[in-house]
Amino acid sequence: MATYPSAKFMECLQYASFKHRQQRRKDPQNTPYVNHVINVSTILSVEACITDEAVLMTALLHDVVEDTDASFEDVEKLFGADVCGLVREVTDDKSLEKQERKRLQIENAAKSSCRAKLIKLADKLDNLRDLQVNTPTGWTPERREQYFIWAMKVVDNLRGTNANLELKLDEIFRQRGLL
């Protein structure tokens with residue numbers, strides 16, 4: 001029997017699409033940013049076999065507070081406390097300097113809930129897949145390589161969460177000569 005996304009999931013997809021509608025990735029193709037959040041949710045559903053709808057919805061919303069005018073209050077009102085709590089858990093504090101945010105991602109990864117770890121793994125997997133084939137506009141080869149090294153440090157603190165995602169990430173790290 002086929003399963004279908006719930007109405008709430010579809011509302012979440014529309015909300016994420018609307019909020020990210022003007023944003024583009026920094027790749028040479030200027031890809032719509034919303035593709036990334038859809039990819040993260042799809043990776044979780046298809047590759048990690050996650051059926052927890054709150055996790056899949058949070059994947060769609062994982063950057064919405066950080067990168068748009070959406071607030072945690074908006075997310076909670078529209079999608080409930082569970083999704084909002086997960087969005088809070090995966091959202092960086094943009095008031096901090098970029099290097100501090102990156103340091104905290106490494107440090108806080110191990111302390112995250114299992115559900116948040118899944119989203120972080122899928123997010124890193126999608127970003128690294130993109131980075132394997134595209135150098136973001138304005139990035140040097142060194143900056144690109146540093147991202148792979150930093151991402152591996154984050155992933156190392158997320159291990160034991162989902163073998164499928166971790167194997168796929170390890171293959172990327174192996175290809176980069178990091179493992």
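A pocket here is an open set of grid points with protein on both sides within 12 Å along at least five of seven lines. With that in hand, let's look at this predicted model.

The second largest pocket has about 160 Å³ of volume. Its lining is made of T3, Y4, P5, S6, F9, S45, E53 and L56. Sort those residues by type and you get four nonpolar, three polar and one charged.

Now for the largest pocket, which holds about 1,200 Å³ of space. It is lined by 39 residues, and the ones closest to its centre are Y33, E66, Q105, N127 and Y147. Helices α4 (64–67), α5 (72–90), α6 (98–109), α7 (114–133) and α8 each give two or more residues to that lining. The top contributor is α7, with seven residues.

| Pocket | Volume | Lining residues by type |
|---|---|---|
| Largest pocket | about 1,200 Å³ | ten nonpolar, nine polar, 20 charged |
| Second largest pocket | about 160 Å³ | four nonpolar, three polar, one charged |

Next, a pair of helices. Two packed helices are described by the angle between their axes and the distance between those axes. For helix α8 (residues 141–156) and helix α9 (residues 163–175), the axes come within 11 Å and cross at roughly 145°. The crossing of α8 and α9 is left-handed. On the α8 side, the contact is made by F148, A151, M152 and V155, while α9 brings L169, I172 and F173. What types of residue make up this contact of α8 with α9? There are seven nonpolar residues, no polar ones and no charged ones.

Key
Residues numbered from 1 in each chain as written. Predicted model: local features only at pLDDT ≥ 70, side-chain atom pairs only at ≥ 80, totals over all residues. Heavy atoms only, no water. Axes fitted to C-alpha atoms, helices over the stretch in contact; angles between N-to-C directions. Helix = DSSP H or I, 4+ residues; strand = E, 2+ residues; numbered from the N terminus. Left-handed = near helix turned anticlockwise from the far one by under 90°. Contact = heavy atoms within 4.5 Å. Nonpolar A, V, L, I, M, F, W, Y, C, P; charged D, E, K, R; others polar. 1 Å grid on protein atoms, 1.4 Å probe; cavity = no way out; pocket = protein on both sides within 12 Å on 5 of 7 lines; lining within 4 Å. Points joined across faces, edges and corners; volume = space filled by probe spheres on them.
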